[in-house]
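Let's take a friendly walk through a two-chain model. Please keep the viewer open as you read.

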Amino acid sequence: MIKKMLFAAVAGLTLVACAAPATPAQNSAGQSDISIRDAWAHPTMGMVAAHEGHAHGSHGSSDKADAAQSSVNSAAYMVIENKGNAPDKLLSVSGDIADMIQVHQTREKDGMMVMEEIADGLEIPANGNVELRPASYHIMLMGVKRDLKPGDTFKLTLNFQSGKVIPVDVTVREP
Amino acid sequence: MNMRSDGFKVFLGVLGGMVAIVVFGLLLSYAPELARAPVPTPTPGGVAISRYRTISNATLTDHDNRPMSLGALRGKPTLIAFGYTFCPDVCPLTMADLRRVKRELGEAGDRVNFVFITVDPQRDTPEVIRRYVKAFDPAFIGLTGDEATLKKLIYEFDGLFEKQPPQSGNPNSYIVAHTSFIYLLDAQGQWRMKYSFGTPVEVIARDVQAMLQESARRG
């Protein structure tokens, strides 16, 4: 009898223990609460003007024609904070500063630094934050359209899974 | 009596030790963060190359589209970074670090070569490289070459680079994976130090300073 009661108690406790972590997630009408701080980007150092020159073919040398294949790039960094009790995901970033904007991660692979797009979104944990910083997560700006000098600012728009659309002012500065 | 007392002390000591171990173990199991906490983050520094290696005298092309042999860099300590201008994250930071090393050295910085070598000769033409390196410092040297020569050269530094397939439809938006150290060569062209990404510039500047003094002593 006592054995049975003990068994039941243990089984009951186990059930409670297993169910407990799932309960808040199921019941909460939780929401993410996203804010951005310390947004900055690398200068492009007069590279864009040079690139424009090539694109318009204003200089004839073959060297310059070849260079038109390349694009001027930069990267933006920031801290994405989530004060809400539900996680969220940064799905995409838009802006008119560059031809293509992607969320990337730099990581070490076979002893080399390699950059990859985070195609399925960057998770921002509930009550937590994700720091986008050099040699880690960053927003890659491919084909920057105007030269970025230290002190300049430009706008990016961050699109989250929750539907939140958050504008960010990014300041250009030396790292 | 004495014997017995000693034996009892030993017994007590052993028992005490066992209790301490058990308590410590319990503490660790109840506070897993305690068990993980005491691993200190090492301060990144330079790695000395145990057997100095003389880097080959490969002929590359400089940012003014002129041939330049690496041997021409001898006579001054030389800091070398491999990278490419399309790289938006690690490469500009490495270049900015080189600029900060030069600032840290003050006037002595003029007695040092600062060299950027591309791992992307296809897109980084001499003109693109010139704009890039001069934006960081007018004295910086940028070099390119054919891919085989560049691969052989980075291999001499135990490094490598590998063009990745383009992710998007644009064939010109490819990434080049590469080892990203800063290398320090002495005035004789021997590779002496390497610095991993993020090494404090003061550490690099101090080593360069020491090398300059070493050169001065040699006369």
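Predicted model: local features only at pLDDT ≥ 70, side-chain atom pairs only at ≥ 80, totals over all residues.

Residues are numbered from 1 along each chain as its sequence is written, while chains are lettered from A and ligands numbered from 1 in the order in which they are written.

**Chain A**

Chain A holds three helices and 10 strands; helices (H or I, at least four residues) and strands (E, at least two) are DSSP runs numbered from the N terminus. Read from the N terminus, its elements follow the order α-β-α-α-β-β-β-β-β-β-β-β-β. Of the 175 residues in chain A, 29% are buried. Here, buried means that 20 or more other C-beta atoms lie within 10 Å of the residue's own, exposed means 12 or fewer, and partly exposed is in between, with C-beta atoms placed from the backbone.

Contacts in chain A also span the sequence: among those between residues at least 6 apart, 77% join residues at least 24 apart. Two residues are in contact if their C-beta atoms, placed from the backbone, lie within 7 Å.

Strand 10 of chain A pairs with strand 1 and with strand 9 of chain A, as tabulated here. Two strands pair if DSSP finds at least two bridges between them.

Strands 9 and 10 of chain A form a hairpin with four residues between the strands, where A:Gly163 has a positive phi near 95°.

**A lysine to click on**

A:Lys155 belongs to strand 9 of chain A. Leaving out residues up to four places away in sequence, A:Lys155 touches A:Gly95, A:Pro167, A:Val168 and A:Asp169.

**Where the chains meet**

The contact draws 31 residues from chain A and 31 residues from chain B. On the side of chain A that touches chain B, strand 5 of chain A gives the most, with five residues. The residues on that side of chain A comprise 15 nonpolar, 10 polar and six charged. In this count Ala, Val, Leu, Ile, Met, Phe, Trp, Tyr, Cys and Pro are nonpolar, Asp, Glu, Lys and Arg are charged, and the others, Gly among them, are polar.

**Strand 5 of chain B**

Strand 5 (residues 113–118) of chain B has five of its six residues buried, so it is largely enclosed by the rest of the structure. Six bridges pair it in the parallel sense with strand 4 (residues 78–83) of chain B, and B:Gly83 stands opposite B:Thr118. With helix 3 (residues 90–105) of chain B, strands 4 and 5 of chain B make a right-handed β-α-β unit. Right-handed means that, with the strands pointing away from the viewer, the path from the first strand over the helix to the second runs clockwise.

Strand 5 of chain B also runs parallel to strand 6 (residues 141–144) of chain B, joined by three bridges, with B:Phe116 opposite B:Gly142. Between strands 5 and 6 of chain B, the chain passes through helix 4 (residues 126–136) of chain B in a right-handed β-α-β crossover.
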